[in-house]
Amino acid sequence: MAEPIGNDATGYDVLTAAMKSLLNQFPGLYPDEAIKFEELGAEDGIAFSNDSGALVYTEKEDILGRIYQECRYPCFVVYRSTTGARERQKITILEFLDTLGRWLCHEPSGIEGKEYEKAIYPDLTAGRRVERVTRGNAYGTQPQENGVQDWVLPVTVFYKNVIEPEI
């Protein structure tokens with residue numbers, strides 16, 4: 001069993017490391033391909049970025065001083081390519097992002113005719129636990145003059161955090 005991800009108290013760092021690990025387990029990546037954190041080439045690459053950091057949506061405290069938080073980590077995956085006006089490549093990129101999104105959300109996801117197991121969410125430290133992942137629809141941004149275009153897949157990680165009182 002792998003060690004839990006994260007070694008500090010900030011949800012941002014823990015979830016960023018967890019998402020990087022999770023995204024790079026996607027079976028649809030080529031062996032030499034990696035999804036990096038906020039690092040894209042000028043003309044191609046795949047990266048992810050957080051949208052607004054790790055956010056606490058609800059927080060409750062019990063009589064023993066334990067704090068229970070429901071949190072979200074909104075982020076997005078960006079696929080950059082120099083597709084120009086080639087419709088077939090654009091469709092392939094959208095299919096890749098859609099399959100990645102389905103895999104992250106534990107939906108059936110076939111890649112090259114083979115069904116893959118759902119994503120296994122990484123173990124986190126400091127009382128955090130990923131509950132589920134949701135996705136939006138992938139979309140293309142306006143192409144640049146040189147034909148470079150970004151394709152975006154919005155993703156939200158829902159997780160719970162339990163903070164034990166200091167004794």
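Predicted model: local features only at pLDDT ≥ 70, side-chain atom pairs only at ≥ 80, totals over all residues.
Helix α2, which spans residues 87–104 and contains 18 residues, reaches 26 Å from its first C-alpha to its last, close to the 26 Å expected at 1.5 Å a residue. Several positions of this helix are buried, namely Ile-93, Phe-96, Leu-97, Thr-99, Leu-100, Gly-101, Arg-102, Trp-103 and Leu-104. Just after α2, the backbone at His-106 adopts a positive phi of about 65°.

Strand β9, comprising residues 149–163, is mostly covered, with eleven of its 15 residues classed as buried. This strand is joined to β4 (residues 67–81) by 15 bridges, and the two run antiparallel; within this pairing, Ile-67 stands opposite Ile-163 of β9. Strand β7 (residues 128–135) also runs antiparallel to β9, to which it is connected by seven bridges, and here Arg-132 has Phe-158 of β9 as its bridge partner. A further antiparallel pairing links β9 to strand β8 (residues 139–140) through two bridges, with Gly-140 placed opposite Trp-151 of β9.

A search of the whole structure for disulfides returned zero. For Cys-75, the closest cysteine sulfur is that of Cys-105, and because the two atoms lie 11 Å apart, they are too far from each other for a bond, the cut-off for a disulfide being 2.5 Å. Cys-105 accordingly takes part in no disulfide, the sulfur of Cys-75 being the nearest cysteine sulfur to its own. Cys-75 counts as buried because its relative accessibility is 3%, and Cys-105, at 16%, likewise counts as buried, the limit for this class being under 20%.

In terms of residue class, the lining of the largest cavity consists of nine nonpolar residues, with no polar and no charged ones.

Technical notes. Residues numbered from 1 in each chain as written. Heavy atoms only, no water. Helix = DSSP H or I, 4+ residues; strand = E, 2+ residues; numbered from the N terminus. Expected span 1.5 Å × (residues − 1). Buried < 20%, exposed > 50% of the residue type's maximum accessible area, 1.4 Å probe, protein only. Pairing = 2+ DSSP bridges. Nonpolar A, V, L, I, M, F, W, Y, C, P; charged D, E, K, R; others polar.
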